[in-house]
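Student: Could we go through this structure together? I would like to start with its aromatic residues and then turn to the helices.

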Amino acid sequence: MQLSWFQIVRLGLVQMCLGAIVVLTTSTLNRLMVVELSLAAVVPGMLVALHYGIQLSRPKWGFASDAGGQRTRWIIGGMVALACGALMATGAILIFPQSFALGMGVSIIAYALIGLGVGASGTSLLALIATTTAPHRRAGAATVTWLMMIFGIAVTAGTVGALLTPYTPALLLEVVFTVTCAAILLTILAVWGVERRLIAVTEPDPTRFRDGLREVWSERRARNFTLFVFLSMTAYFMQELILEPYAGLVFGFTPGQSTSLSGAQNGGTFMGMLCVGILATGFKIGGLRGWVVAGCIGSALSLAALALIGPMGPGAPLVPVTVALGFFNGVFAVAAIGSMMALAGQGRDRREGTRMGLWGAAQALAAGFGGLSGAALVDVLRLTTQDTSAFGSVFLFEATLFLAAAAMAARIMDRKPVITANLVPGE
């Protein structure tokens, strides 16, 4: 049996919950550390890098869940760990003013739990979708689940931004507690019974993890796609930890306004993904390579515009430019995701989870490296230049990386439509 569209949407709710919790830690809490607590941007940068570093275990999670009947427990257990980590990270915000050392210690534990939860839940979920979705639905399933994740991020960021105005620490804790509890409950309802109906429980694979990972890495397409994921995601995540501080320091945005800005950006990403899905699925317009290249180039131009409006200060069109950046991010992301879902089901049997884990690890490594390096570069440049120039220089460097990703996509990706009824990448 294969997943129905209704079941695909159900599983997409888990992606929505993952995005809803993660955006609180990488967006709202990051802004509070840098602006309200006056900590160096590298502090939240290192914490977010830690949670991405923990996610390098994704191939192991995927390999372990390749035994039938195991993925539901990893999905739910991972969501619980993520929720606990988010609550601890929020509590640390309240501790920092009294004790930096204690606040940092709690934050380290919290962000390690966040990384563990995202890795276990996210990898197992994607592997479950890849193994139980009919080949002609895989690209569509990828689009649906990622749109739901972006929707969860955008709605959470926008709603939390409104609820946190005016901001108080007690209100922050209350909001995060509500979001995390709702995410756990919704995840249980979404996955309960789905895997049991579709997959028979099997014995664990006798192959050692190292050998299984080596088998996947020997596949040319899997290897090339891993390298592309790392480069493009490094470009994508360099602005993640500095955009809200940029809005606060250069444009005078309040915590609620800057959180809403993140929601607007992710709303743009949602529209970009939806646009590609409609054009490629409904009208059969465009190929994988074309959409990825267009998305990367558009993202580069948006980042250049983000740097150029800095000298204008308050009153600059920051929101429209940020929405444009999100839109083009979504265009390239949905093309890459469609390819990922199709490739996961190809190659050696019982390696879908390992492939998804490998690509997830590449994304996590790139996200941690990109976010930390972006924050660190801003801190270094702010020592010798004004805030506007410091942030603008990093945005321009990120634009250059996007152009490099576009060039790589043009070289390694095929011309076939990214989302069609029979998406089968050529050799």
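**Aromatic pairs and helix packing**

Tutor: Let us begin with Tyr 246, which is buried in this predicted model, with a relative accessible area of 0%.

Student: How many aromatic pairs does a search of the whole structure find?

Tutor: The search finds 13 aromatic pairs. One of them is formed by Tyr 246 and Phe 391, with 5.2 Å from centre to centre and 40 degrees between the planes, and this pair is tilted.

Student: Which helices hold Tyr 246 and Phe 391?

Tutor: Tyr 246 belongs to helix α11 (residues 243-251) and Phe 391 to helix α16 (residues 387-412). The pair links distant parts of the chain, as the two residues are 145 residues apart.

Student: And Phe 391, is that buried or exposed?

Tutor: Phe 391 counts as buried, at 2% relative accessibility.

Student: Which residues do ring pairs link into a cluster?

Tutor: The cluster consists of Tyr 52, Tyr 236, Phe 237, Phe 332 and Phe 402. Of these, Tyr 236 in α10 and Phe 402 in α16 are also among the residues where those two helices meet.

Student: At what angle do α10 and α16 pack?

Tutor: Helix α10 (residues 220-237) packs with α16 at an angle of about 160 degrees, and their axes are 8 Å apart. The two helices are therefore roughly antiparallel to each other, and their crossing is left-handed.

Student: What else meets in α10 and α16?

Tutor: The α10 side includes Asn 224, Leu 227, Phe 228 and Leu 231, while the α16 side includes Glu 398, Leu 401, Met 408 and Ile 412.

Student: Changing topic: how many residues has α7, and what span does it reach?

Tutor: Helix α7 (residues 169-191) has 23 residues and reaches 34 Å from its first C-alpha to its last, close to the 33 Å expected. Its buried residues include Leu 172, Val 175, Val 176 and Val 179. Just after α7, Gly 193 takes a positive phi of about 85 degrees.

Student: Which residue has a positive phi although it is not a glycine?

Tutor: That is Ser 38, with a phi of about 55 degrees. Most residues other than glycine have a negative phi. Ser 38 is found in the loop between α1 (5-36) and α2 (42-54).

Student: Is Ser 38 buried or exposed?

Tutor: Ser 38 is exposed, with a relative accessible area of 59%.

Key. Residues are numbered from 1 along each chain as its sequence is written. This is a predicted model: local features need pLDDT of at least 70, side-chain atom pairs count only at pLDDT 80 or more; totals for chains, interfaces and linings use all residues. Side-chain values use heavy atoms; hydrogens and water are left out. Rings of Phe, Tyr and Trp (its six-membered ring) pair if their centres lie within 6.5 Å; planes under 30 degrees apart count as stacked, over 60 as edge-to-face and the rest as tilted. Helices (H or I, at least four residues) and strands (E, at least two) are DSSP runs, numbered from the N terminus. Buried means under 20% relative accessible area, exposed over 50%, partly exposed in between (1.4 Å probe, protein chains only). The expected span of a helix is 1.5 Å times one less than its number of residues. Axes are lines fitted to C-alpha atoms, for helices over the stretch in contact, and angles run from 0 to 180 degrees between N-to-C directions. Angles under 35 degrees count as roughly parallel, over 145 as roughly antiparallel, 65 to 115 as roughly perpendicular and the rest as oblique. A crossing is left-handed if the near helix is turned anticlockwise from the far one by less than a right angle, and right-handed if clockwise. Contact means heavy atoms within 4.5 Å.
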